[in-house]
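This report describes one protein, starting with the whole chain and ending with single residues. Please keep the sequence and the 3D view at hand while reading.

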Amino acid sequence: MDSVQKAFIMENFLNEQELTKLDNISAVVPKQVNYHKTEIYTSGFEYNLIKSIVHEKLKNMFGDFNVRDCMILEQMAPWSIHTDYDKGDMEPTVACLMPIEIGTQDSYTVVFNEEAKANKEILELPDSKNKLDEQTLAMLDHCPVKELQKVSLLDAYKWKRGSLICWSRKLLHASHNFKKSNVDKRKALVLFLNKDWKETWKKK
């Protein structure tokens, strides 16, 4: 992913055999409640358990990389606007999301053009000149209005089982309000990559 292509989606990144392996792993990973939001599990586990499934494919895209966090994301509520940059690693690069369970209705990850290294920087941004349209605002009605005024839409990526959604870890992004679409829960494999040149993944 070069400096121009800051985010993208690739369909059919994982085949059904690989997805079945992920299903089996996600079923036994101990659930860990996210410390920011109790309706979301961010359950970390050792990257070696899935390395044979995803590593070479990702390496072909990004070159050599390390994994800062490897987790099963299970959402019963949507994320608000945030950045994945500030996780304590030295050279953060890409966030990778691979949907496992998507519900019966469409749901999305919404990525913005604006960047931040920490969530506290969001309100320090100037108001965006490219205002979000009504459809996008409706998808994000769980987000604070003051934050929505700071961002412009890069794209909204539809969750599809087996696809890969990637974005620069500096980019601000959010879940769309999937609860309005009668999606009670959605689940994905999430990886935060870096180029720190040492193994930084660990069970968290």
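## Basis of the values

This is a predicted model, in which local features need pLDDT of at least 70 and side-chain atom pairs count only at pLDDT 80 or more, while totals for chains, interfaces and linings use all residues. Residues are numbered from 1 along each chain as its sequence is written, and side-chain values use heavy atoms, with hydrogens and water left out.

## Overall fold

The protein has four helices and nine strands. Helices (H or I, at least four residues) and strands (E, at least two) are DSSP runs, numbered from the N terminus. Their order from the N terminus is β-α-β-α-β-β-β-α-α-β-β-β-β.

The radius of gyration, taken over C-alpha atoms, is compared with a globule rule of 2.2 Å times the number of residues to the power 0.38. For 204 residues a compact globule would have a value near 17 Å, and the 16 Å of the protein agrees with this. Along the principal axes, the C-alpha atoms fill a box of roughly 45 × 40 × 30 Å.

Contact means heavy atoms within 4.5 Å. Of the contacts with a separation of 6 or more, 85% join residues 24 or more positions apart.

## Burial and surface

A residue is called buried under 20% relative accessible area, exposed over 50%, and partly exposed in between (1.4 Å probe, protein chains only). By this rule, 51% of the 204 residues are buried. The accessible surface, from the Shrake-Rupley method with a 1.4 Å probe and, for residues, only the protein chains shown as cover, is about 10400 Å². Carbon and sulfur atoms hold 48% of that surface.

## Strand 7

How many residues of strand 7 (residues 164–168) are buried? Five of its five residues are, and the strand is mostly covered. In a regular strand the side chains alternate between the two faces of the sheet. Here Leu164, Cys166 and Ser168 point one way, and Ile165 and Trp167 point the other way.

Two strands pair if DSSP finds at least two bridges between them. Strand 7 pairs in the antiparallel sense with strand 1 (residues 7–10) over four bridges, and also with strand 4 (residues 92–101) in the antiparallel sense over four bridges. Trp167 is the bridge partner of Ala7, and Ala95 stands opposite Trp167 as well.

## Leu154

Leu154 belongs to strand 6 (residues 153–158). Leu154 counts as partly exposed because its relative accessibility is 33%. Leaving out residues up to four places away in sequence, Leu154 touches Ala7, Val111, Phe112, Asn113 and Leu171.
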